[in-house]
Amino acid sequence: MRLGIISALHEEQQGLMEAMQGATTLSHGMRDYTLGLLWNIDAVCVLSRIGKVAAAMTATLLVEKFGVTHIVFTGVAGSGDKLVKVGDIVVAEALLQHDMDARPLFPRFEVPLTGLQRFASDLPLSEQLAGAADDFLRSDARLVLDPLEIQAFGLQQPRVHRGLIASGDQFIGSAAHVNQLKAAIPDLLAVEMEGAAVAQVCFELGVPYAVMRTVSDNANEEAAVDFMRFVQSVASRYAFGTIRNLCWRLAS
Ligand code: SAH
């Protein structure tokens, strides 16, 4: 196995780079791919940057140029359901491109010529990832998070959800917008900007993948304010702890 680990933002991957043994970095196509051993798993870490095209290119190159056999995406997202709170983790069962709309030629959200609206993530890898995230929330989160941040973001009872994540080339920062999406996609759990692009690439190339998102905001008018502080002080810890637990599981 060679595991590709993609994140959209620098803060989400910093710790992993430091934990990597025998790391070497190769630059290609405006991205740095860092190869090495992460807790005994042969891994390649890379920042996709933001948006579906950026993520699709990164996933493609990970497979075609760096030979990864599995891909995991870690990042943050806006909540798409009232039961999904800031500080919870969503592990995707399936992903959908919420800005794909080729009507009247194809139904809304269907990716033309695939016949699919939803791309299912790999079940065994997603089970491991959800387990790793759950282990993190149950035992590590309290140790690595600043009590002030736990207080500020109300992270008393964080939990892992499994379900649908929707991606589009838009930061969703209004209640009207997220409500509109929710009306069209009732089982929506979270909104972000990359996951479904990685999902389509992995589906087309036949590569198993899983996506985890820490909920950073409620995709409403306050979203942008909460976002940067959350990424720096909370989401970075979640991603690190969960990937470490995942590597332990995969190596054992
Ligand atoms: N201000 C930030 C922009 C981040 S864009 C900057 O300058 O770096 C938001 C990133 O977080 C994307 O990678 C996206 O996947 C995720 N995300 C978090 N909350 C989101 C929301 N409400 N809507 C869409 N994407 C969101």
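1. A word on terms before the details: buried means under 20% relative accessible area, exposed over 50%, and partly exposed in between (1.4 Å probe, protein chains only). This is a predicted model, in which local features need pLDDT of at least 70 and side-chain atom pairs count only at pLDDT 80 or more, while totals for chains, interfaces and linings use all residues. Residues are numbered from 1 along each chain as its sequence is written, and side-chain values use heavy atoms, with hydrogens and water left out. Helices (H or I, at least four residues) and strands (E, at least two) are DSSP runs, numbered from the N terminus.

2. Let me begin with the salt bridges, meaning a side-chain nitrogen of Lys or Arg within 4 Å of a carboxyl oxygen of Asp or Glu. The count comes to twelve. One of them pairs arginine 229 with glutamate 149, the closest N and O atoms being 3.1 Å apart. Arginine 229 sits in helix H7 and glutamate 149 in helix H4 (residues 147–153), 80 residues apart. Elsewhere, salt bridges that share partners join Glu192, Glu194 and Arg213 into one network.

3. Two further salt bridges deserve a look. Lysine 182 and aspartate 81 bring their closest N and O atoms to 2.8 Å. This pair links helix H5 (residues 175–184), which holds lysine 182, with the loop between E5 and E6, which holds aspartate 81, 101 residues apart. Lysine 182 is partly exposed at 22%, and aspartate 81 counts as partly exposed at 21%. Arginine 118 and aspartate 187 also have their closest N and O atoms 2.8 Å apart. Here the link runs from strand E7 to the loop between H5 and strand E9 (188–192), 69 residues apart. Arginine 118 is partly exposed at 33%, as is aspartate 187 at 38%.

4. What surrounds the ligand? Of the 17 residues around the ligand, Ile172, Met193, Glu194, Arg213 and Asp217 come nearest; a residue counts as near if one of its heavy atoms lies within 4 Å. For polar contacts the rule is a pair of N or O atoms within 3.5 Å; within protein, one must be able to donate a hydrogen and the other to accept it, and residues adjacent in sequence count only if both atoms are side-chain atoms. A polar backbone atom of isoleucine 172 lies 2.9 Å from a ligand nitrogen, and a polar backbone atom of methionine 193 lies 2.9 Å from a ligand oxygen. Arginine 213 contributes a polar side-chain atom 3.2 Å from an oxygen atom of the ligand. The protein covers 78% of the 570 Å² of accessible area that the ligand has on its own, with areas from the Shrake-Rupley method and a 1.4 Å probe; for residues, only the protein chains shown count as cover.

5. Is strand E1 (residues 3–7) mostly covered or mostly open? Five of its five residues are buried. In a regular strand the side chains alternate between the two faces of the sheet. In E1, Leu3, Ile5 and Ser7 are buried on one side, and Gly4 and Ile6 on the other. Two strands pair if DSSP finds at least two bridges between them. E1 runs parallel to strand E4 (residues 41–47), with five bridges, and serine 7 stands opposite leucine 47 there. Five bridges also join E1 to E5, again in parallel, and glycine 4 has isoleucine 71 as its bridge partner in E5.

6. Finally, some backbone geometry to check. Most residues other than glycine have a negative phi, and most peptide bonds are trans. Arginine 103 and proline 104 are joined by a cis peptide bond, with omega about 0 degrees; proline 104 is in the loop between strand E6 (89–97) and strand E7 (118–120). Tryptophan 39, in the loop between E3 and E4, has a positive phi of about 45 degrees. Alanine 219 has a positive phi of about 55 degrees, lies in the loop between strand E10 (209–217) and H7, and is buried at 0% relative accessible area.
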